[in-house]
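Please look over the sequence and the structure shown here, and then follow the account below through a loop residue, several helices and a set of charged pairs.

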Amino acid sequence: MTETQREIELKLELGEDALKRLKSASAPDGFAVERAVTRTLRSIYFDTPDLALKGAKWSLRVRKVGRDWVQTVKAGTGISGGLSTPREVEVTIAAPVPDLTQIQDAELRDGVWALIDGKPLDAVFETEMRRTTRLFTTEAGTAIELALDAGEIRTEAETVPLFEAEFELKTGPVDDLFRLAKTLKGTETARFSATSKAGRGYALLSGGAAPVRPQNARPAQISAKTDTAETAFRAVLRSCLTQIAANRDAILDTDDPEGPHQMRVGLRRLRSALRVHRKYIDPERHAALDANARALAARVGALRDLDVLTDEIVAPVEAIAGGSVAVDRLHDTIAAERAAERLRLREAVQSASVNEVLFDLGAMAEGNGWQRQAGDDDTPAPALTMPVTDFARAALEKRWKAAAKLGVRIDDLTLEERHDLRKTLKKLRYVLEFYQPLFKPKTVKPFLKTLKRLQDVFGYLNDVVMAQKLAELAAARGDDPTGDPDGDPGSDARALMLAAGFVMGWHERRAEEAWSHARAQWDDTRHAEKFWR
């Protein structure tokens, strides 16, 4: 047996109960399912003493399948947003040790030899899984294999359990892969895997799984030479998917305030990307994904706002407040509310609504069902085949003009219009960062640096406006009879209201000074070279 192919595989982490549900879940509408097959799989992974294959994101394993040993080489084993698309080749061999001479794909064979470079191959870890496979099909010819793994990963020193679902597209459109994953009972609260079994094994080999950390936006992998508007859009969506999924995990596993912040950024980046490409997207698909992303961003934003109030509004004043002002108690009150909100958010981001966003986003990034067809709203189907640089120039110019229209009246803007300008500048920056790889760094960086300085001013001014919530939180504290040691909740509320007023007054004075610099910052941005023109 020998085969070379490009896998398209969606990997999900889930609990043991959810795995059991997936084993017996009925086929969703439009799908049929064959009888499940269960077997035990033992896989041995090999590498050089310096882990050369790991460093190149390749893997080499030998797996016991029935009475046979099957050798598999994979190139490109990284996972992004749960989606894995490695190139792989399999061949049956005679023994549980690699036989590289049997690799029939010349490119992969030469690649393995080059990476090994004469060094010995050692068994570095093993996996043993009880795998249940279910084959889902459609009348149109789609075939998707669902592999449900329950087992463990072992090194010489340690063993860890693993429960995982893998949806592998055998034939058919990738949209069907995400449609099945979204509608099959048992996936509602699954996490999108951040690493493969090989990645988990290597992490265990090096001392355990890497800690979950918040993740900033990763630049979209686009090129002026090879990408069209469509392929660049897909790259941007993949970047958003990875950021949102990773920071959902950060919210669940850490108290780091960057988790909710970066998840909200990822959702805002997604909505900006959808807005830029709106006329190319099926209206119903656009409306559903945008609305769900907006609702989720607002939910995450409730904790993010409390993070800002605690760490960036109250904490700086606490250090300078006199003893007669209970800023320290105000800080503790806001921090307690933040801790309660974090628990509420953790429950919320484990709901099915989050995976609905992620599955729909994955389908748009990888599939074709989202594209507007000729005849929608009596308009022709727009072309996404234009060079990406042409598309990027037009998108940047449109967003710059929207900002300039408000900026020209910067001295006379109302509070609401200042907020609008802040949001417009943020949208401009997201689009700029999407397409930054298309332009020379020396032309992009000066404009981006100037834009960031202006955004910082507006961001701080927005935080000061949000600080009005301090009074609401302090007043609500008066309803808690446990707040004052002497049993006088009114006394505690008055002290907190006084502290809130002190904090707001301190920041409002600073805000006046910051706004006095806004005109200069705007002028710098207005006169900066528009590199896309």
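V349 lies in the loop that runs between α9 (327-348) and α10, and in this predicted model V349 counts as buried because its relative accessibility is 1%. If neighbours within four places in sequence are left aside, the residues in contact with V349 are R248, I251, L252, M263 and V354. V349 and M364 are 15 residues apart in sequence, and their C-alpha atoms are 21 Å apart in space.

Helix α6, which covers residues 229-253, has 25 residues and reaches 37 Å from its first C-alpha to its last, close to the 36 Å expected at 1.5 Å a residue. Of the 25 residues of α6, 22 are buried, and the helix is thus described as mostly covered. Helix α7, covering residues 258-276, has 19 residues and spans 26 Å from first C-alpha to last, which is close to the expected 27 Å.

How do α7 and helix α12 (residues 415-435) cross, and within what distance do their axes come? The two axes come within 10 Å of each other and cross at roughly 85°, and α7 and α12 are therefore roughly perpendicular to each other, since angles of 65 to 115 degrees are counted in that way. On the side of α7 the contact is made by V265, R268, R269, S272, A273, R275 and V276, and on the side of α12 by K426, K427, Y430, V431, F434 and Y435. Sorted by class, this contact of α7 with α12 has seven nonpolar, one polar and five charged residues.

The residues of α4 that make the contact are V174, D175, F178, A181 and K182, while α10 contributes E356, F359, D360, G362, A363 and E366. By class, the contact of α4 with α10 has five nonpolar, one polar and five charged residues.

Charged pairs form the next topic. The structure holds 42 salt bridges, and one of them joins the side chains of R21 and E188, with a distance of 3.5 Å from N to O. R21 lies in helix α1 (residues 16-24) and E188 in the loop between α4 and β12 (191-192), so this pair ties together parts of the chain that are 167 residues apart in sequence. R21 counts as partly exposed because its relative accessibility is 43%, and E188, with a relative accessible area of 23%, is partly exposed as well.

The side chains of R131 and E166 also meet in a salt bridge, at 3.6 Å from N to O. This pair links distant parts of the chain, with R131 in strand β9 (residues 122-137) and E166 in strand β11 (residues 159-171), 35 residues apart; both R131 and E166 are buried.

A further salt bridge brings together the side chains of E164 and K197, at 2.7 Å from N to O. E164 lies in strand β11 and K197 in helix α5 (residues 197-205), so the pair ties together parts that are 33 residues apart in sequence. E164 counts as buried because its relative accessibility is 0%, and K197, with a relative accessible area of 5%, is buried too. Which residues are linked with E164 and K197 in a network of salt bridges? The network links E9, K11, R131, D149, E164, E166 and K197.

Most residues other than glycine have a negative phi. L51, however, has a phi near 55°, a positive value in a residue other than glycine, and L51 lies in the loop between β4 (37-47) and α2 (52-55), where it counts as partly exposed because its relative accessibility is 26%. D117 likewise has a positive phi of about 55° although it is not a glycine. D117 is found in the loop between α3 (106-116) and β9, and D117 is exposed because its relative accessible area is 60%.

Conventions. Residues are numbered from 1 along each chain as its sequence is written. This is a predicted model: local features need pLDDT of at least 70, side-chain atom pairs count only at pLDDT 80 or more; totals for chains, interfaces and linings use all residues. Side-chain values use heavy atoms; hydrogens and water are left out. Contact means heavy atoms within 4.5 Å. Helices (H or I, at least four residues) and strands (E, at least two) are DSSP runs, numbered from the N terminus. Ala, Val, Leu, Ile, Met, Phe, Trp, Tyr, Cys and Pro count as nonpolar, Asp, Glu, Lys and Arg as charged, and the others, Gly among them, as polar. A salt bridge is a side-chain nitrogen of Lys or Arg within 4 Å of a carboxyl oxygen of Asp or Glu. Buried means under 20% relative accessible area, exposed over 50%, partly exposed in between (1.4 Å probe, protein chains only). The expected span of a helix is 1.5 Å times one less than its number of residues. Axes are lines fitted to C-alpha atoms, for helices over the stretch in contact, and angles run from 0 to 180 degrees between N-to-C directions. Angles under 35 degrees count as roughly parallel, over 145 as roughly antiparallel, 65 to 115 as roughly perpendicular and the rest as oblique.
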